[in-house]
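Good morning, and thank you for coming. Please look at the sequence and the structure as I show them, and then I shall go through the main points.

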Amino acid sequence: MQNDIPIRRQQVAAGVRDSFSAGLGIFPLGVALGLLVIQAGLPWWLTPALSLAAFAGSLELLLVGMVAAVTPLAAVALTVLVVNFRHVFYAFSFPLHLVRHPLAKAYAVYAMIDEAYAVNASLPEHERSAPRLLAMQISCEVYWVGGGLLGVVLGAALPAPVKGLEFALCALFTVLTLDAFRSRRELPSVLLAGASVTVALVLTPQLAMFLALLLFVGLLLVRHALTARRPAQETADA
């Protein structure tokens, strides 16, 4: 048992290091959230409240505008469903089975954000572990909450509003996509994702993300079936 402690510490340290690349995007995104809350005339405590209650950057940035506009609760609920529907698909390949403790597993589900998924996807399977995963997720949340609090301070100190903060989220997703492609070199997946987005934008521009995710998963299932059938046919021919 004592021999496991140094190993666990190494895994926790590795998880914190894993979070650095995502933290470079999460922290300034948190700052943007804090600035938006102050610029919208909302109370400062809404920033940490949103950061803890809805740990999802894209959703929180949208919620700021919806709260400021006093959007009906039904519209807020539909927006939450559409924007966060992608997390359903994360669970298919996110290594939640590594986390055994019920409370730790519940936190891993709660903190299964885009950045945590992207960072974990780039790790070889033999290097993954529960301490490393949880340490990475906790670090990501610290960046997010800390950035939000700094944004609140900056928003109160700046004399004029800052324009273009909404683009921070788009920039972060672009960087994560490029990093995932560089580590995996999955060109067919990139092409299928691009085709899904294009079709969704043409057919249902108001629900493009929702339809694009469904199309992408469907195409991935078809690709998996074709790939699995090919070795079987080659074995039969041999």
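**Contacts, core and salt bridges**

Among contacts in the protein between residues at least 6 apart in sequence, 75% join residues at least 24 apart; a contact means heavy atoms within 4.5 Å.

Let me state the basis of these values. This is a predicted model, in which local features need pLDDT of at least 70 and side-chain atom pairs count only at pLDDT 80 or more, while totals for chains, interfaces and linings use all residues. Residues are numbered from 1 along each chain as its sequence is written, and side-chain values use heavy atoms, with hydrogens and water left out.

The pLDDT is the predictor's confidence in each residue, from 0 to 100. Its average for the protein is 80, and 84% of the residues score at least 70. Confidence is lowest in helix H9 (residues 167-184), with a mean of 66, and highest in H8, with 91.

The protein has 11 helices and 0 strands. Helices (H or I, at least four residues) and strands (E, at least two) are DSSP runs, numbered from the N terminus.

I turn now to the interior. Of the 238 residues, 38% count as buried; buried means under 20% relative accessible area, exposed over 50%, and partly exposed in between (1.4 Å probe, protein chains only). A nonpolar core is a set of buried Ala, Val, Leu, Ile, Met, Phe, Trp, Tyr and Cys residues joined through side-chain atoms within 4.5 Å. Which residues touch the most other members of the largest nonpolar core? They are Ile26, Val64 and Val99, in a core of 37 residues. Helix H8 gives the most to this core, with 7 residues. Leaving aside residues up to four places away in sequence, Val99 touches Ala104, Lys105, Ala108, Ala130, Leu133 and Leu134.

Next come the charged residues. A salt bridge is a side-chain nitrogen of Lys or Arg within 4 Å of a carboxyl oxygen of Asp or Glu, and by this rule the count is 2. In one of them, Asp18 pairs with Arg132, their closest N and O atoms being 2.6 Å apart. Asp18 lies in helix H1 and Arg132 in helix H8, so this pair ties together parts that are 114 residues apart in sequence. Asp18 is buried, at 13% relative accessibility, and Arg132 is buried, with a relative accessible area of 13%. Arg132 also forms a salt bridge with Glu127, with the closest N and O atoms 3.7 Å apart. Glu127 is partly exposed, at 34% relative accessibility.
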